[in-house]
Amino acid sequence: VAMIFSGYLGRWGDTVDRRGAMVAVGVLAFVPSWALLLFGQTSAGLSAYSLLSVLGGIACITVTGCPTCYALVTDVIPAGDRELAFGCVFAGVVFVAIAGNVGGLMVNAFFGGDSRAIVLYVCVLELLYFFAVGLVRLPTKRAGGSFAVAGEEEFDAEHVDSGIVGGAIAATVFGSDVVGEGSPHGMSPPTLSAPLPPPPTHTTGPLTLEGRAAASCPAVAVELATYDSDTSTSCSEGGGSSSSSSADGESGRKVRRRMLQKCLAPLQLVLDDPSLRSLCVVAALVSLPEITLTDVSQQFAMSQFELIASHKGNKQKEVTLLFQWPGFGLLLPAFFLVGMYSKHVGALRALRLLIPVTGACLSLPVLLKYFPRMWLVPITGVSVPMAMVVFAPLQTLITQVAPPDRIGEAMGSVGASKQVAGLVSNLLVSFMVPILVESGIKKPLWIFYPFASCCSFLALWFTFQIKVREDPPAGVAEDGSPEQGADIRPQRASPRQCRTYTPGASGFGRLVQSGRALPGGAATM
């Protein structure tokens with residue numbers, strides 16, 4: 001379910017409302033526990049929990065977080081600070097996971113193991129999630145209540161209603177994307193080079209929904225005009241009313257074609273962009289070792305000390321804790337340091353360095369096969385969780401590769417690739433473990449660790465197929481609109497050369513080198 005719907009959830013966040021998408025993620029992810037609280041630990045409760053958990057896959061929540069959440073981080077963090085921000089966000093995810101588990105253990109001990117107390121504790125944490133989402137303020141408005149658009153123009157309060165209608169039309173009919181020849185991705189946001197026109201006043205009746213949309217967004221007007229032109233051409237070619245049925249059929253085919261394009265938009269986004277496609281492959285290849293080794297690490301560690309069939313419960317807990325938890329504790333500073341390093345050298349360079357280093361470390365637990373010592377357990381166990389640090393620069397790269405207006409959709413597609421890795425990993429473990437056990441190899445689970453290293457090394461090759469997008473000029477956001485508080489006035493001409501301010505396609509203008517300065521300040525053109 002996550003593989004199919006994660007891209008569409010991200011697209012909805014891009015085109016409609018990011019915080020609304022976050023609320024939807026919370027509802028989808030938390031409603032199974034609410035059903036368990038409602039029905040209790042009964043057969044009906046188990047059935048409701050299982051069914052709703054399948055629907056919860058739409059949220060695409062993985063061990064490393066939720067793509068919609070990371071898209072929200074992209075909305076509120078400036079482009080220059082995202083490397084460090086994602087390192088802090090991943091560190092926060094680890095901290096909350098550790099704190100939540102410790103809190104659950106305390107609640108369980110305080111209430112004597114009553115499972116209802118644990119369910120209530122989980123529900124309280126879920127309500128805190130919605131409270132936190134409500135605290136987020138997206139930077140969408142300028143001072144005075146006007147909305148930022150692609151240019152210096154502003155949209156007064158009287159045009160807000162028509163703007164909302166235009167956005168709704170764009171989102172539902174055209175997916176809020178306009179095909180542009182100048183975009184390397186085939187899709188680009190509309191750009192305005194003149195102030196927005198007021199709603200038309202020549203109509204004799206009430207303004208239609210399409211008319212209000214065209215008044216608020218010229219790109220939508222272009223799409224509507226193109227669609228009407230195509231339809232009228234079809235009707236005229238059919239010979240008037242006598243061929244209206246054939247014209248209707250042609251219009252229906254156009255509508256179905258548009259609907260199919262919208263349905264395949266997340267997949268088309270990945271297929272059309274080689275860098276984003278390579279990034280999805282990298283995400284799948286680095287997720288595969290993480291998920292696979294999580295499935296077998298506990299059994300591997302206990303098998304090296306002959307504890308799988310043992311009744312030494314305290315010894316089993318000790319080995320498990322030493323092999324798993326130190327690594328998760330070290331992830332807190334590790335993510336923060338990786339974020340700082342990525343900000344210093346760039347996310348792509350950091351990813352290319354971290355993948356081979358963490359990939360080689362994934363084979364360290366094999367040492368336990370030859371030296372089964374308790375002091376070696378935490379040293380080798382750290383290597384598996386620490387391999388997750390690659391996700392901080394990887395998540396930043398999505399924002400540097402994907403179109404600025406389709407970040408959530410791209411993050412959902414990368415999240416879907418992680419889900420593919422999870423499915424493949426579970427199938428791989430289920431298929432390989434019985435074969436290894438029947439092969440006669442003594443303690444055969446060590447084979448998964450070199451396999452994990454090979455997957456990471458393979459991911460390194462795909463990182464060289466990734467090309468990041470160039471940074472926008474200072475004071476300009478990624479979508480071409482001015483950042484809040486940015487000074488976009490033209491620079492004053494220097495004594496040695498003259499610069500003239502000329503309007504650009506985005507509505508801002510650009511500084512153009514116009515030649516050497518002449519005496520008296522004149523310039524040669």
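Tryptophan 34 is partly exposed, with a relative accessible area of 29%; that label covers values between buried (under 20%) and exposed (over 50%), using a 1.4 Å probe and protein chains only. Keep in mind that this is a predicted model, where local features need pLDDT of at least 70, side-chain atom pairs count only at pLDDT 80 or more, and totals for chains, interfaces and linings use all residues. Residues are numbered from 1 along each chain as its sequence is written, and side-chain values use heavy atoms, leaving out hydrogens and water.

**Aromatic pairs**
- The structure holds twelve aromatic pairs, meaning rings of Phe, Tyr and Trp (its six-membered ring) with centres within 6.5 Å; planes under 30 degrees apart are stacked, over 60 edge-to-face, and the rest tilted.
- Tryptophan 34 and phenylalanine 130 make a tilted pair, because their ring centres are 6.4 Å apart and their planes sit at 40 degrees.
- Tryptophan 34 is in helix α2 (residues 18–39) and phenylalanine 130 in helix α6 (residues 115–135), so the pair ties together parts 96 residues apart in sequence; helices here are DSSP runs (H or I, at least four residues), numbered from the N terminus.
- Phenylalanine 130 also counts as partly exposed, at 23% relative accessibility.
- Tyrosine 70 and phenylalanine 86 pair up edge-to-face, with 6.0 Å centre to centre and 70 degrees between the planes.
- Both tyrosine 70 and phenylalanine 86 are buried.
- Phe30, Trp34, Tyr129 and Phe130 are linked into a cluster by ring pairs.

**Serine 417**
- You'll find serine 417 in helix α19 (residues 407–438).
- Serine 417 counts as buried, at 10% relative accessibility.
- Setting aside neighbours within four places in sequence, serine 417 is in contact (heavy atoms within 4.5 Å) with Cys280, Ala283 and Ala284.

Definitions and conventions:
Helix = DSSP H or I, 4+ residues; strand = E, 2+ residues; numbered from the N terminus.
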